[in-house]
Amino acid sequence: QVQLVESGGGLVQPGGSLRLSCVASGTIFSTKAMGWYRQAPGKQREFVATITTTSTGNYTDSVQGRFTISRDNAKNTVYLQMNSLKPDGTAVYYCRMYYQDYWGQGTQVTVSS
């Protein structure tokens with residue numbers, strides 16, 4: 001059974017940074033493309049970033065240059081480094097494994113002064 005467990009969310013001031021982690025189990029992680037999505041209050045879930053098996057990242061325009069997605073296959077973990085956070089970054093952030101469409105439970109990020 002595949003499981004994805006996110007961590008690293010919290011409260012941060014505008015302009016601050018957070019690093020989210022997503023640990024995968026129950027699968028061969030290195031062969032899976034992964035993604036990060038977010039859902040703000042009252043809004044639909046949206047794409048944030050994706051990373052291929054060869055560690056090529058792709059980002060939505062609004063986070064390009066501020067967020068970095070990476071992976072450590074030895075630790076079965078995908079990361080999302082978020083810098084220069086803005087209040088509109090407040091959301092629940094979800095990890096996604098595209099193979100058979102698995103999702104984590106989400107981690108809350110709140111950007112507020």
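**Note on an all-strand chain**

1. Met-34 stands opposite Ile-51 in strand β5. Strands, like helices, are DSSP runs numbered from the N terminus, with at least two residues of type E for a strand and at least four of type H or I for a helix. This is a predicted model, in which local features need pLDDT of at least 70 and side-chain atom pairs count only at pLDDT 80 or more, while totals for chains, interfaces and linings use all residues. Residues are numbered from 1 along each chain as its sequence is written, and side-chain values use heavy atoms, with hydrogens and water left out.

2. The protein chain has 0 helices and 11 strands. Its radius of gyration, taken over C-alpha atoms, is 13 Å. The globule rule (2.2 Å times the number of residues to the power 0.38) also gives 13 Å for 113 residues, so the chain is as compact as a globular protein of that length. Along its principal axes, the C-alpha trace spans about 40 × 25 × 20 Å.

3. The accessible surface of the protein chain is about 5800 Å², and carbon and sulfur atoms hold 46% of that area; the areas come from the Shrake-Rupley method with a 1.4 Å probe, and for residues only the protein chains shown count as cover. Of the 113 residues, 42% count as buried. Buried means under 20% relative accessible area, exposed means over 50%, and partly exposed lies in between (1.4 Å probe, protein chains only). Among contacts (heavy atoms within 4.5 Å) with a separation of 6 or more, 55% join residues 24 or more positions apart.

4. Strand β4 (34–39) pairs with β5 in the antiparallel sense over 5 bridges. Two strands count as paired if DSSP finds at least two bridges between them. The β4 and β5 hairpin has 6 residues between its strands, and there Gly-42 takes a positive phi near 75°. β4 is also joined to β9 by 6 bridges, again running antiparallel. In that pairing, Trp-36 has Cys-95 of β9 as its bridge partner. Because 5 of its 6 residues are buried, β4 is largely enclosed by the rest of the structure.

5. A separate point is the open sheet of 4 strands, ordered β1-β3-β8-β7 with antiparallel pairing. Its edge strands, β1 (3–7) and β7, each pair on one side only. From one strand to the next the twist averages 15°; axes are lines fitted to C-alpha atoms (for helices, over the stretch in contact), and angles run from 0 to 180 degrees between N-to-C directions. β7 and β8 are joined by 6 bridges, and Ser-70 has Tyr-79 of β8 as its bridge partner.

6. Which residues touch the most other members of the largest nonpolar core? They are Met-34, Trp-36, Val-78, Leu-80, Met-82 and Tyr-93, in a core of 28 residues. Two or more residues each come from β3, β4, β5 (46–51), β7 (67–72), β8 (77–82), β9 (91–97) and β11 (107–111). A nonpolar core is a set of buried Ala, Val, Leu, Ile, Met, Phe, Trp, Tyr and Cys residues joined through side-chain atoms within 4.5 Å. In soluble globular proteins, nonpolar side chains tend to be buried together.

7. Two residues show the packing in more detail. Leaving out residues up to four places away in sequence, Met-82 touches Gly-16, Ser-17, Leu-18, Leu-20, Arg-66, Phe-67, Tyr-93 and Val-109. Ser-21 belongs to β3 (residues 18–25) and counts as buried because its relative accessibility is 14%. Beyond its neighbours within four places in sequence, Ser-21 has contacts that include Val-5, Trp-36 and Tyr-79.

8. Most residues other than glycine have a negative phi. Asn-76, not a glycine, has a positive phi of about 55°; Asn-76 sits in the loop between β7 and β8 and is partly exposed, with a relative accessible area of 26%. Gln-100, also not a glycine, has a positive phi of about 60°. Gln-100 lies in the loop between β9 and β10 (102–103) and counts as exposed at 53% relative accessibility.

9. Asp-101 is found in the loop between β9 and β10. Is Asp-101 buried or partly exposed? Asp-101 is partly exposed, with a relative accessible area of 37%. The C-alpha atoms of Asp-101 and Glu-46 are separated by 15 Å, and the two residues are 55 residues apart along the chain.
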